[in-house]
Amino acid sequence: MNVFSGIQPTGAKHLGNYAGGFRQYVATQDEAATEAGEAFFCIVDLHSVSVEHDPVDLRERTLDLFAMLVATGLDPERSAIFAQSHVTAHAEANWLLSNVTSFGELRRMTQFKDKADAQEFVSAGLFTYPVLMAGDILLYQTDVVPVGVDQRQHVELTRNVAERFNSRYGQTFKLPRGVYPEIGAKIMDLQEPEKKMSTTGGTEAGTVYILDSAEEIQRKFKTAVTDSGREVLHAEDKPGVSNLIEIMTVATGESIEAVQSRYDGQGYGTFKSEVAQAVIELLQPFQQRFHEIRDDAGELHRLLAAGAEKARAASQPTLDAMYERMGFVRLS
Ligand code: TYM
């Protein structure tokens, strides 16, 4: 079973990224190993330039993200952890696949619509972004793509693109399957719980970063929006409290029912401060390891080079098959 996932280096990583991303990466890394598969975790720096960005920031954030992936439990010996721009197959697959993806399909992508509305300059790259993502996944004969639900539409598009390529040019790609966490697949903003937690679309006070201090975390949960009533209940008409319950289950591994019954009749004050405490305990070990790893830039470069090497070797046969089947003259 091959696993592939990607995460953007720009924007500080938050609790949503942990719930839908980092946490699942570690679990699937272990699954891939038990089923004699390979796991690939890609820092998608090429995706990050589809909206306005600062070059200095991109460089720093790429190293930050590598350190964060390792700090949260990925093992660079077992998994290929690499930067997308180091493996040119991704840019090549992007062009080839853009010719089996329709304008209409891309126009329906809700993430494009949301992001385009927030930009003054809407780049062509932002529009074709899902094609680059499809190439990321398909190059590795991926079975499983661990992501949050906000990526579901992109994973479905990837399957459609793969099927179209296979039917036009012959069987080339496996059809990948998205894997979404049962709980915490979409963590919401603490201030505006109808919006997902995000560095681009959410609020600053409602976004809990993985590197936030204990005081910041306490403050953000203390001011989190709750709903009318006093019960700690996971319910559709209680988006604020439901989100806090989900965060608690992500932090402690408990079930929703266990959290509900523990706080039965206690009101929101105690509950919020205990969720904050659970999150602090979850994040502290990651923060400590992050700083240790991030401080050794030489070692980070060495590990990035090793990851790129593994990813190049794994993706090249599929890229070659794509060129071959589409009718390009190959020099050998
Ligand atoms: P990105 O960088 O926005 O997010 C990384 C991961 O975090 C998840 N996530 C969330 N999960 C739960 N609640 C939230 N509020 C939340 N916010 C983010 C995302 O679902 C994702 O799993 N397009 C992708 C990157 C990408 C990719 C790929 C992913 C590029 N190529 C190939 C998988 C496979 C993105 O921008 O993720």
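**Salt bridges, nonpolar cores and domain contact**

Lys195 is partly exposed, with a relative accessible area of 34%; on this scale, residues under 20% relative accessible area are buried, those over 50% are exposed and those in between are partly exposed, as computed with a 1.4 Å probe on protein chains only. The structure is a predicted model, in which local features need pLDDT of at least 70 and side-chain atom pairs count only at pLDDT 80 or more, whereas totals for chains, interfaces and linings use all residues. Residues are numbered from 1 along each chain as its sequence is written, and side-chain values use heavy atoms, with hydrogens and water left out.

The side chain of Lys195 meets that of Glu192 in a salt bridge with an N to O distance of 2.7 Å, a salt bridge being a side-chain nitrogen of Lys or Arg within 4 Å of a carboxyl oxygen of Asp or Glu. Glu192, at 26% relative accessibility, likewise counts as partly exposed. Elsewhere, salt bridges that share partners join Asp57, Glu60, Arg61, Asp64 and Arg294 into one network. Arg61 counts as partly exposed, since its relative accessibility is 26%.

A further salt bridge, at 3.0 Å from N to O, is formed by the side chains of Glu105 and Arg164. This pair links distant parts of the chain, with Glu105 in helix H5 (residues 103-107) and Arg164 in helix H8 (residues 152-169), 59 residues apart. Glu105 is buried, at a relative accessible area of 7%, while Arg164 is partly exposed, at 26%. By the stated rule the count comes to 14 salt bridges.

The domain assignment gives domain 1 (3-184 + 297-326) and domain 2 (214-291), the bounds coming from an automatic or database domain assignment. The C-alpha centres of domain 1 and domain 2 lie 30 Å apart. To the contact between them (heavy atoms within 4.5 Å), domain 1 contributes eleven residues and domain 2 contributes twelve residues. About 990 Å² is buried between domain 1 and domain 2, with 79% of it on carbon and sulfur atoms; buried area is the accessible area (1.4 Å probe) that two parts lose on being put together, summed over both. Of the area that domain 1 buries against domain 2, Leu15, Ala71 and Ile183 supply 51%, more than any other three residues. Helix H1 (15-34) and helix H3 (55-71) are the elements that give two or more residues to the side of domain 1 that touches domain 2. The count of salt bridges between domain 1 and domain 2 is zero.

The largest nonpolar core comprises 58 residues, among which Phe22, Leu69, Phe221 and Val279 touch the most other members; such a core is a set of buried Ala, Val, Leu, Ile, Met, Phe, Trp, Tyr and Cys residues joined through side-chain atoms within 4.5 Å. Helix H12 (residues 268-294) gives the most to this core, with eleven residues. At least three residues of this core are drawn from each of domain 1 and domain 2. A second, separate core of 40 residues includes Phe4, Ala89, Ala116 and Ala311. With its neighbours within four places in sequence left aside, Phe22 is in contact with Ile7, Lys13, Asn17, Leu65, Met68, Leu69, Thr72 and Ile210.

Individual residues complete the description. Lys220, in helix H9 (residues 214-222), counts as buried, since its relative accessibility is 7%. Not counting residues up to four places away in sequence, Lys220 touches Leu190, Glu204, Ala205, Thr207, Val208, Tyr209 and Asp212. Ala36 is found in the loop between H1 and strand E2 (39-43) and counts as exposed at 75% relative accessibility. Gln141 lies in the loop between helix H7 (124-138) and strand E4 (144-146) and is partly exposed, with a relative accessible area of 22%.

Key
Helices (H or I, at least four residues) and strands (E, at least two) are DSSP runs, numbered from the N terminus.
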